[in-house]
Amino acid sequence: MLWDDFLNSYWRDWRTSNRGGDKDKLMDSEWLASWLERHLLQAELPLKPAELDQLQQLRSLMWAEVQMLVQVHTVNRGTLEQLNRYMDKGPAIRQIVWNDAGLAEVSLLPQRADWTQVMAEIASSFAAALVEKDTSRFCICENPDCLWVYYDDTRNRSKRYCDDKMCGNLMKVRRFRARKKADTE
């Protein structure tokens, strides 16, 4: 999803609590170019400092909302109003287009190719998730060094880590080592 991919653009070194390994991928033009292409968005690179600042502010707004959702499972009306302000700046036209299977569908076509439009698309993606999805399924990885945001779409809502093979195994090893250390003391 667009919104969670953007939100996770602040990468934390999930293997260690050393915060020196953290990276803001919004500062990496190669990552941004790939991200724009992956989500079929267009904007000029490299980012201007004001655009970077606006993107970071949007990401902070979204991060704060997800943290609140994880605790109380209700959407903050103020956040929705702020998302509306981002979406207001990104005009789009509805048009019938044909998909790869040859079927007609209604699509929103952005009218601009700039970072304001990209932020409107991100805000729209996040707002749709907040309004249309089950807010109790918004999660933050339980690995305190990771904090990756994801939407738990498992049937029994049991997903605790962004990736069971990476963070899940790492946390299992940490618990095992902590038990062994406690047994030897």
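Student: What is a salt bridge, before we start?
Tutor: A salt bridge is a side-chain nitrogen of Lys or Arg within 4 Å of a carboxyl oxygen of Asp or Glu.

Student: OK, so how many salt bridges does a search of the whole structure find?
Tutor: The search turns up seven salt bridges. Keep in mind that this is a predicted model.

Student: Let's take Arg38. Which side chain does Arg38 meet in a salt bridge?
Tutor: Arg38 meets Asp5, at 3.1 Å from N to O. Arg38 sits in helix α2 (residues 29–38) and Asp5 in helix α1 (residues 2–7), so this pair ties together parts that are 33 residues apart in sequence.

Student: And how accessible is Arg38?
Tutor: Arg38 has a relative accessible area of 44%, so it counts as partly exposed.

Student: What about Asp114, which side chain is its salt-bridge partner?
Tutor: That's Arg112, with 3.2 Å from N to O. Asp114 is partly exposed because its relative accessibility is 25%. Arg112 is partly exposed too, with a relative accessible area of 36%.

Student: Next pair: what is the N to O distance for Asp134 and Arg137?
Tutor: The side chains of Asp134 and Arg137 meet at 3.8 Å. Salt bridges with shared partners also bring in Arg157, and Asp134, Arg137 and Arg157 make one network.

Student: Is Arg137 buried or exposed?
Tutor: Buried. Arg137 has a relative accessible area of 14%, and buried means under 20%. Asp134, at 29%, is partly exposed.

Student: Let me zoom out. How many helices and strands does the protein chain have?
Tutor: There are six helices and six strands. Starting at the N terminus, the order is α-β-β-α-α-α-β-β-α-β-β-α.

Student: And what does the C-alpha trace span along its principal axes?
Tutor: The span is about 65 × 40 × 40 Å. The protein chain has 185 residues, and 36% of them are buried.

Student: Switching to strands. How do β3 and β4 pair?
Tutor: Strand β3 (residues 92–98) and strand β4 (residues 104–110) run antiparallel to each other, with seven bridges between them. For instance, Ile93 has Leu109 in β4 as its bridge partner, and Gln95 stands opposite Ser107 in β4.

Student: What happens with Gly102 in that hairpin?
Tutor: The hairpin of β3 and β4 has five residues between the strands, and Gly102 takes a positive phi near 80° there.

Student: Where do side chains point in a regular strand?
Tutor: In a regular strand, they alternate between the two faces of the sheet.

Student: Which residues form the nonpolar patch on the surface?
Tutor: Ile96, Trp98 and Val106 form that patch, and together they have about 380 Å² of accessible area. Trp98 belongs to strand β3.

Student: Is Trp98 buried or exposed?
Tutor: Trp98 is exposed, because its relative accessible area is 60% and the cut-off for exposed is over 50%.

Student: What about charge? Which residues gather in the patch of positive charge?
Tutor: Lys172, Arg175, Arg179 and Lys180 do, on the surface. Take Arg179 as an example: it is in helix α6 (residues 164–184). With 48% relative accessibility, Arg179 counts as partly exposed.

Student: Now loops. Where is Asn76?
Tutor: Asn76 is in the loop between α3 (49–72) and α4 (77–88). Asn76 is partly exposed, with a relative accessible area of 39%.

Student: How far apart are Asn76 and Phe176?
Tutor: From C-alpha to C-alpha, Asn76 and Phe176 are 39 Å apart in space, and in sequence they are 100 residues apart.

Student: One more loop: where does Asp28 lie?
Tutor: Asp28 lies in the loop between β2 (23–24) and α2. Its relative accessibility is 36%, so Asp28 counts as partly exposed.

Student: And how far is Asp28 from Pro46?
Tutor: In sequence, Asp28 and Pro46 are 18 residues apart; in space, the separation is 8.7 Å, C-alpha to C-alpha.

Conventions
Residues are numbered from 1 along each chain as its sequence is written. This is a predicted model: local features need pLDDT of at least 70, side-chain atom pairs count only at pLDDT 80 or more; totals for chains, interfaces and linings use all residues. Side-chain values use heavy atoms; hydrogens and water are left out. Patches are made of residues with over 30% relative accessible area and no salt bridge: like charges are joined within 9 Å, nonpolar side chains (Val, Leu, Ile, Met, Phe, Trp, Tyr) within 5 Å. Accessible areas come from the Shrake-Rupley method with a 1.4 Å probe; for residues, only the protein chains shown count as cover. Lys and Arg count as positive and Asp and Glu as negative; His and the chain ends are not counted. The place of a charge is taken as NZ of Lys, CZ of Arg, CG of Asp or CD of Glu. Helices (H or I, at least four residues) and strands (E, at least two) are DSSP runs, numbered from the N terminus. Buried means under 20% relative accessible area, exposed over 50%, partly exposed in between (1.4 Å probe, protein chains only). Two strands pair if DSSP finds at least two bridges between them.
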